[in-house]
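Please look through the sequence and the structure before reading on.

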Amino acid sequence: IVTSEAAEEVVEEVAESAAGRDLERFQNVIRHTPEEIDIAVATAASSRPGAVGAKALVPRAVLQEVPRADRGFVSVLEFGAGPNAPHAELFRREGFQNVTAYDLPASIRKGIHDPDALTRKYDVINASNVLNVQATKRMLTNTLSELRNSVKEEGFIIANFPLTPRKRAYEGIGTNKQQTDYLISKIKEQFNSVERITVKGSKDRNVFKISRPKALATGTGRI
């Protein structure tokens, strides 16, 4: 688990590197506060075993949505990859040749993650157990902004919203349905399309295909 002190050091280091010509390069990296990073990392680490690996719903949905014949030509970002980026390795084994792993700055490991991943756009983004672990409503808005800025106009994002764990972004929002409706409303602020998809062999209805990013004015959808 990353401490607030460690997260602050990373933010300070990135901010210093962002001076001058590198400012644009790091604009997506420094938007989350150390407290938000702490909570998100700790919560993601507590996710149930089925959230990671070959049985996880989001990578299964990605494999379902992208035919094997197309995988050599499709770029994939594993967003919120975790320290070992297991889904990135899964995608490579399943025929994807252009796979990038990214996580919060405090979790990035050399040789596993690309710290510059958010400076490019991708055909497909895998966001497994990401939206549910947002520490604040502010962080949720900014994470959706990162996703919007990182997906191609004709591309899509696969994300889930498991019942547990869920963090402070959803505090005070009653039932599971009300929390899900809130999340969908936040997604629709930045994307023109969000649809539930059925993953073969699963009854979970909270797996979403998100596409058609909105062309928002500079600074919109970001706090």
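A crossing of two helices is called right-handed if the near helix is turned clockwise from the far one by less than a right angle, and left-handed if it is turned anticlockwise. The structure discussed here is a predicted model.

**Two helices in contact**

By this definition, α3 and α4 cross in a right-handed way. Their axes are 11 Å apart, and the helices pack at an angle of about 25°. Angles under 35 degrees count as roughly parallel, so α3 is roughly parallel to α4. On the α3 side the contact is made by Pro59, Val62 and Leu63, and on the α4 side by His87, Leu90 and Phe91. Of these contact residues, five are nonpolar, one is polar and none is charged.

Helix α3 covers residues 57-65, and its buried residues are Leu57, Val58, Pro59, Ala61, Val62 and Leu63. What do the buried residues of α3 pack against? They pack against helix α4 (86-93) and against the strands β3 (122-127), β4 (151-160) and β6 (207-213).

**The sheet**

Six strands form an open sheet with mixed pairing, in the order β2-β1-β3-β4-β6-β5. The edge strands, β2 (98-102) and β5, each pair on one side only. On average, neighbouring strands of the sheet are turned by 20° against each other, with direction ignored.

At one end of this order, β1 (residues 75-79) and β2 run parallel and are joined by five bridges. Within this pair, Val76 stands opposite Val99 in β2.

Two helices, α5 and α6, lie against strands of the sheet, as the table shows.

| Helix | Residues | Strands touched | Angle |
|---|---|---|---|
| α6 | 176-190 | β5, β6 | about 145° with β5 |

Val194 lies in strand β5, which spans residues 191-196. Which residues is Val194 in contact with, leaving aside its neighbours within four places in sequence? They are Ile184, Ile187, Lys188, Phe208, Lys209 and Ile210.

Note on methods:
Residues numbered from 1 in each chain as written. Predicted model: local features only at pLDDT ≥ 70, side-chain atom pairs only at ≥ 80, totals over all residues. Heavy atoms only, no water. Helix = DSSP H or I, 4+ residues; strand = E, 2+ residues; numbered from the N terminus. Contact = heavy atoms within 4.5 Å. Buried < 20%, exposed > 50% of the residue type's maximum accessible area, 1.4 Å probe, protein only. Axes fitted to C-alpha atoms, helices over the stretch in contact; angles between N-to-C directions. Parallel < 35°, antiparallel > 145°, perpendicular 65-115°, else oblique. Nonpolar A, V, L, I, M, F, W, Y, C, P; charged D, E, K, R; others polar. Pairing = 2+ DSSP bridges.
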